[in-house]
Amino acid sequence: MEKSLGSLQLFALPVSKLASWTAAVAMVFGGVLPYIPQYRDIKRTQNAEGFSIYVCLVLLVANILRILFWFGRYFEPPLLLQSIIMIITMLVMLKLCTAVRMTNELTTRRRAFSDFDLQYFWLWSRFIDYIQCVLAFTVVAAYITYLLIDSSLFVEMLGFFAVFTEAMLGTPQLYRNYENKSTEGMSITMVLMWASGDTFKTAYFILNQAPFQFWICGLLQVCVDITILFQAYYYDRYPQKPSSHTVPSTSTKAL
């Protein structure tokens with residue numbers, strides 16, 4: 001009997017490690033999976049109107065702040081690596097959306113980050129302008145963090161803003177759908193993967209006793225995902241405007 005129990009314990013140990021390793025890998029790479037179908041849709045149709053590039057802005061800010069939070073309060077390495085992977089992914093999405101938008105845009109005027117025109121913030125004509133903005137934000141945020149890293153209040157607030165910003169991930173898409181009275185051009189697969197990924201992520205935070213900011217904002221993120229899915233159902237069931245079968249002009253300024 002004792003030998004059997006010992007064998008079971010020896011077997012349970014590697015299984016537990018395997019499950020832990022699998023969960024960590026899912027945390028690192030699971031966040032980028034929803035953007036694969038959206039990337040392919042944009043690439044195939046050469047139309048980025050259905051995807052809000054402000055989603056990229058939200059995730060870039062959130063993950064830069066999360067990395068800075070790590071210097072003040074260490075958390076699990078998979079969450080840190082997840083932020084690095086997500087930043088790279090959002091830059092890839094921005095590069096594609098910018099190229100597609102400029103190909104379809106009728107105007108010859110070029111807008112740049114160095115213009116400091118708030119009317120066209122995050123609607124620049126070149127990918128390099130987005131890089132400049134991200135670098136400027138990172139340098140300023142890193143300098144402020146360096147000055148205040150010894151303040152526990154600042155560190156906790158930094159962590160809260162990082163995960164709260166990420167919790168607002170779906171808000172630009174939610175607003176864009178509301179403005180368009182349609183979810184046409186938005187990848188439903190992407191949103192379904194958001195919802196499943198955020199549910200898994202929130203459970204991971206709770207089970208691994210991550211800082212409370214993480215799991216509270218994770219729950220908020222799941223609620224936003226569900227609302228977007230309801231929009232998709234509602235606008236499909238009760239169309240608010242005629243369905244467009246032509247590629248719309250991307251010169252329109254919208255979220």
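The model is a predicted one. Of the 255 residues, 42% are buried.

**Overall fold**

- Reading along the sequence, you get α-α-α-α-α-α-α-α-α.
- Take the contacts with a separation of 6 or more: residues 24 or more positions apart account for 78% of them.

**Helix α6**

- Helix α6 covers residues 152-167, which makes 16 residues.
- From its first C-alpha to its last, α6 reaches 22 Å, close to the 22 Å expected at 1.5 Å a residue.
- The buried residues here are V155, L158, G159, A162, V163, T165, E166 and A167.
- Those buried residues pack against four partners by name: α3 (54-72), α5, α8 (188-207) and α9 (212-237).
- As background, an α-helix has 3.6 residues a turn, so residues three or four places apart point the same way.
- V155, L158, A162 and V163 are among the buried positions of α6, if you want a few to click on.

**Loop residues and their contacts**

- N47 sits in the loop between α2 (35-45) and α3.
- With a relative accessibility of 18%, N47 counts as buried, because the cut-off for buried is under 20%.
- The N47 side chain reaches the backbone nitrogen of E49 at 3.0 Å.
- D115 belongs to the loop between α4 (77-104) and α5 (127-148).
- D115 is partly exposed, at 44% relative accessibility.
- A polar atom of the D115 side chain lies 3.0 Å from the backbone nitrogen of A112.
- T183 is in the loop between α7 (171-180) and α8.
- T183 is buried, with a relative accessible area of 13%.
- Setting aside neighbours within four places in sequence, T183 is in contact with N177, Q231, A232 and Y235.

**Aromatic rings**

- Searching the whole structure turns up 15 aromatic pairs.
- One of these pairs is F160 with F161, an edge-to-face arrangement at 6.0 Å centre to centre and 65° between the planes.
- That pair gets the edge-to-face label because 65° is over the 60 degrees that the label requires.
- F113, F116, F121, W122, W124 and Y130 are linked into a cluster by ring pairs.
- There's a charge over a ring as well: the charged end of K181 sits over the ring of Y178, 4.0 Å from its centre.

**Cysteines**

- The disulfide count comes to zero.
- C133 is buried, at 11% relative accessible area.
- C217 is buried too, at 4%.
- For reference, a disulfide is a covalent bond between the sulfur atoms of two cysteines.

Methods:
Residues are numbered from 1 along each chain as its sequence is written. This is a predicted model: local features need pLDDT of at least 70, side-chain atom pairs count only at pLDDT 80 or more; totals for chains, interfaces and linings use all residues. Side-chain values use heavy atoms; hydrogens and water are left out. Rings of Phe, Tyr and Trp (its six-membered ring) pair if their centres lie within 6.5 Å; planes under 30 degrees apart count as stacked, over 60 as edge-to-face and the rest as tilted. A charge sits over a ring if NZ of Lys or CZ of Arg is within 6 Å of the ring centre and within 35 degrees of the ring normal. Helices (H or I, at least four residues) and strands (E, at least two) are DSSP runs, numbered from the N terminus. Buried means under 20% relative accessible area, exposed over 50%, partly exposed in between (1.4 Å probe, protein chains only). A polar contact is a pair of N or O atoms within 3.5 Å; within protein, one must be able to donate a hydrogen and the other to accept it, and residues adjacent in sequence count only if both atoms are side-chain atoms. The expected span of a helix is 1.5 Å times one less than its number of residues. Contact means heavy atoms within 4.5 Å. A disulfide is a pair of cysteine sulfur atoms within 2.5 Å.
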